Amino acid sequence: MTEPLQDERETVAEWVIWAAGLGKQVTTADGRLDILTAVNLAIKPGETVAIVGASGSGKSTLLGLLAGLDLPSEGRVWLAGSCLNDFDEDGRARIRGRQVGFVLQSFQLLPHLTALENVMLPLELGGARDARERAKDWLVQVQLGARIRHYPRQLSGGEQQRVALARAFVTRPSILFADEPTGNLDTQTGRTVIDLLFELNRTQRTTLVLVTHDASLAARCERVIRLDSGRIVPEAAP
């Protein structure tokens, strides 16, 4: 989909993510800087999509807008049937808590919590009574059953990212956003983590939106969206 359809309500029902006319500008000492311009896209439930482009092309900014971490300067974003423009930060956070998991380059584990406690955290914030049991189960699924009492500083980079994977999937999200998930890992460790990510994504039937500069990683997704200077590059005709 390259242009938004007229009947917005009917359109968004077909997609887990739908964005129309997205623009993002910031003001700098040199004037206005356009980060994203006229971005339109739609993502189906269960689809795997890579967002690629050169450094500074707007990849992470677009992911942040699609996830409701920021609001666009122009345009609208619908996530799992909700127009994010209609909510304040607390409202968008509630939607993310119900629908979204994140895997980031920097792992984002809390250093004073054990692996188990890091995975339990989103469940506890959501009021789950079985947080400990579900977190243990997911750490076993990512081959860290023997490391549940270890703190992040006691884990390797690959192990920390596997904890982050468990934390992302433990709430059973419908959408997983991954931003350069192997950026801080060596090649072999990164390959192992990505194999695990795609396997979990397949078994959980999650929609995956992946930001990466790695062409081989992007090729594992069903669709690739390429950004150039804040605009989507049209796909070449077959």
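Visitor: At roughly what angle do the axes of helix 6 and helix 7 cross, and within what distance do they come?

Guide: Two packed helices are described by the angle between their axes and the distance between the axes. In this predicted model, the axes of helix 6 and helix 7 come within 10 Å and cross at roughly 15 degrees. Axes are lines fitted to C-alpha atoms, for helices over the stretch in contact, and angles run from 0 to 180 degrees between N-to-C directions. Helices (H or I, at least four residues) and strands (E, at least two) are DSSP runs, numbered from the N terminus.

Visitor: What is the orientation of helix 6 and helix 7 to each other?

Guide: Angles under 35 degrees count as roughly parallel, over 145 as roughly antiparallel, 65 to 115 as roughly perpendicular and the rest as oblique. Helix 6 and helix 7 are therefore roughly parallel to each other.

Visitor: Which residues meet in helix 6 and helix 7?

Guide: Contact means heavy atoms within 4.5 Å. Gly158, Gln161, Arg162, Leu165 and Phe169 in helix 6 meet residues of helix 7, among them Val193, Leu196 and Leu200. By class, this contact of helix 6 with helix 7 holds six nonpolar, five polar and one charged. Ala, Val, Leu, Ile, Met, Phe, Trp, Tyr, Cys and Pro count as nonpolar, Asp, Glu, Lys and Arg as charged, and the others, Gly among them, as polar.

Visitor: In what order do the six strands of the open sheet lie?

Guide: Two strands pair if DSSP finds at least two bridges between them. The order is 6-7-8-3-9-10, with mixed pairing. Strand 3 (residues 48-53) and strand 9 (residues 223-228) run parallel and are joined by five bridges.

Visitor: Which helices pack on or lie across these strands?

Guide: Helix 6 (residues 157-169) packs on the sheet and touches strand 6 and strand 7 (175-179). Helix 7 (residues 187-204) lies across strand 3, strand 7 and strand 8 (207-211), at about 155 degrees to strand 8.

Visitor: How are helix 4 and helix 5 oriented to each other?

Guide: The axes of helix 4 (residues 115-125) and helix 5 (residues 131-141) come within 8 Å and cross at roughly 125 degrees. Helix 4 and helix 5 are therefore oblique to each other.

Visitor: What conventions apply here?

Guide: Residues are numbered from 1 along each chain as its sequence is written. In this predicted model, local features need pLDDT of at least 70, side-chain atom pairs count only at pLDDT 80 or more, totals for chains, interfaces and linings use all residues, and side-chain values use heavy atoms, with hydrogens and water left out.
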